[in-house]
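User: Please take a close look at the aromatic side chains of this model and describe how their rings pair. I would also welcome remarks on the backbone and the surface where they deserve attention.

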Amino acid sequence: MTLSCFHCDTDTTVDLTFEPTFFVCPNCQSVYGKDSDAEWRVKHKLKGEITQELPLQLGQKGTIYGVTYTITGILVKSSYSYYHWVEYVLVDDAANFRYLSESQGHWIWMQKVPESDQVNFEIYTADCNGETFDLYDNSTPKLFMAHGYFDYDIQKKYSLREYINPPHLLSKEEYNNYEVHFKGEHISRRNIKKAFNCSVMPPKIGVGIVQPPVFSFQKAIIVFASVGILMLFTLFFSNLGRNEAQIVSIDLPMDKAQGSTLNTPSFTLEGMAASLKIDVSTNVDNSWASLEVALINEITQDEVYANKDVEYYHGYEGGENWTEGSTSESFTICGVGPGKYHLALTPSKESDMSNGDKMYVTAQWEVPTLRNFLMTLLFMGIALVGGYYLNLMFLEKPRWQDSDYSPYEE
């Protein structure tokens, strides 16, 4: 459709799939409406003017979510005399209307709520198909400027109530004798730029009214809870019926084995990885002994080393008996997986040690403990709490700072 402005002779051509009833000249802002004879008549002129270039232009085509739309109208509105936003009217080949709202570089993709949807508005909350929204703004917008063709009276005064549940928005426009409901969702700058091949995009300022959080607390809880339950069930079923197993029990003659390495018989471990606990005891008396252990995987030849000192001292000093150390010690090799192993044991003792003729060594492969599981839960809990407060401080509070209905004001 092409319409030539009566005042400035500017031709405005846009592909339309609907019958317009209002038109605004992009050049001189003359507002036209159809009279009873369906003839265009000039009503008045809009006085608004913006110096910043709009990223989308009248008549421009773009494909969003697989559907090609034509921008048939552009409106710039204001509230509170200082806040401006841009609304783009988009129409597809089947005359279905969609709307793009841009404010401070943040975009919202909107459409009228179908009559089949269940919508309920309260004073401070609203509900649409079971989704709850919180009141963000209640204002009376004014038309600042416009371009293009429209199927409704763009000058008609109305009140606007906006409710949010990021990344979704629900709004109610109330006119004298009827109201219109719209539902929207955040749409990324990348999608807009790709859809319309934009060369200029307005910079993002602050936090958008329905800008989605980087960290979704609710989703994180579901994911972490699922991971925790999965880990717990895996641990339980993998070790069902499994008991602690003593795999080595040996006496090392200290006099003969001093400094030499003794290999235990081979043993096979089956099941999930668990810790290998090694107990060492000897009858040291005011002396020390030591044991070096090498856990050797006979298939892969991987070796894990550990050592432990056994020290026991006692005496009488200042009228009191004192002791230090113990004649037995234990240590653990963590995360020992299934496989065929043997231990290489190398004992040693103090050179003038009179006692301690034998060293008793036992090794026990234990049932996996809940330690790693509990540590994982702790880290996930810390991540949840940290993510919640980061989201609160850097997204939610800034989002609501311009609203009269902020839940965070003290």
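Analyst: The account below begins with the aromatic pairs and then turns to the backbone and to one surface patch.

The model is predicted. Under a limit of 6.5 Å between ring centres, the count of aromatic pairs comes to 17. One of these pairs joins Y88 and W107, whose rings are stacked, with 6.0 Å from centre to centre and 25 degrees between the planes. The two residues belong to distant parts of the chain, 19 residues apart: Y88 is in strand β8 (residues 83-91), and W107 is in strand β10 (residues 106-112). Are these two partners buried or exposed? Y88 has a relative accessible area of 0% and is therefore buried. W107 is likewise buried, because its relative accessible area is 1%. The cut-off behind both assignments is a relative accessible area under 20%.

As to cover, F150 counts as buried because its relative accessibility is 1%. Y152, in turn, has a relative accessible area of 28% and so is partly exposed. Ring pairs also link F6, F23, Y32 and Y149 into a cluster.

The backbone comes next. P166 and P167 are joined by a cis peptide bond, with omega at about 10 degrees. P167 is placed in the loop between β15 (159-165) and β16 (168-174). A38, although not a glycine, has a positive phi of about 65 degrees. The loop that holds A38 runs between β4 (30-34) and β5 (40-45). With a relative accessibility of 48%, A38 counts as partly exposed, because exposed requires a value over 50%. Q301 also is not a glycine and has a positive phi of about 65 degrees. Q301 is found in the loop between β22 (287-297) and β23 (303-317).

Finally, the surface. M375, L378, F379 and I382 make a nonpolar patch of about 390 Å². Among these residues, I382 lies in helix α4, which spans residues 371-400. I382 counts as exposed because its relative accessibility is 51%.

Methods
Residues are numbered from 1 along each chain as its sequence is written. This is a predicted model: local features need pLDDT of at least 70, side-chain atom pairs count only at pLDDT 80 or more; totals for chains, interfaces and linings use all residues. Side-chain values use heavy atoms; hydrogens and water are left out. Patches are made of residues with over 30% relative accessible area and no salt bridge: like charges are joined within 9 Å, nonpolar side chains (Val, Leu, Ile, Met, Phe, Trp, Tyr) within 5 Å. Accessible areas come from the Shrake-Rupley method with a 1.4 Å probe; for residues, only the protein chains shown count as cover. A salt bridge is a side-chain nitrogen of Lys or Arg within 4 Å of a carboxyl oxygen of Asp or Glu. Helices (H or I, at least four residues) and strands (E, at least two) are DSSP runs, numbered from the N terminus. Buried means under 20% relative accessible area, exposed over 50%, partly exposed in between (1.4 Å probe, protein chains only). Rings of Phe, Tyr and Trp (its six-membered ring) pair if their centres lie within 6.5 Å; planes under 30 degrees apart count as stacked, over 60 as edge-to-face and the rest as tilted.
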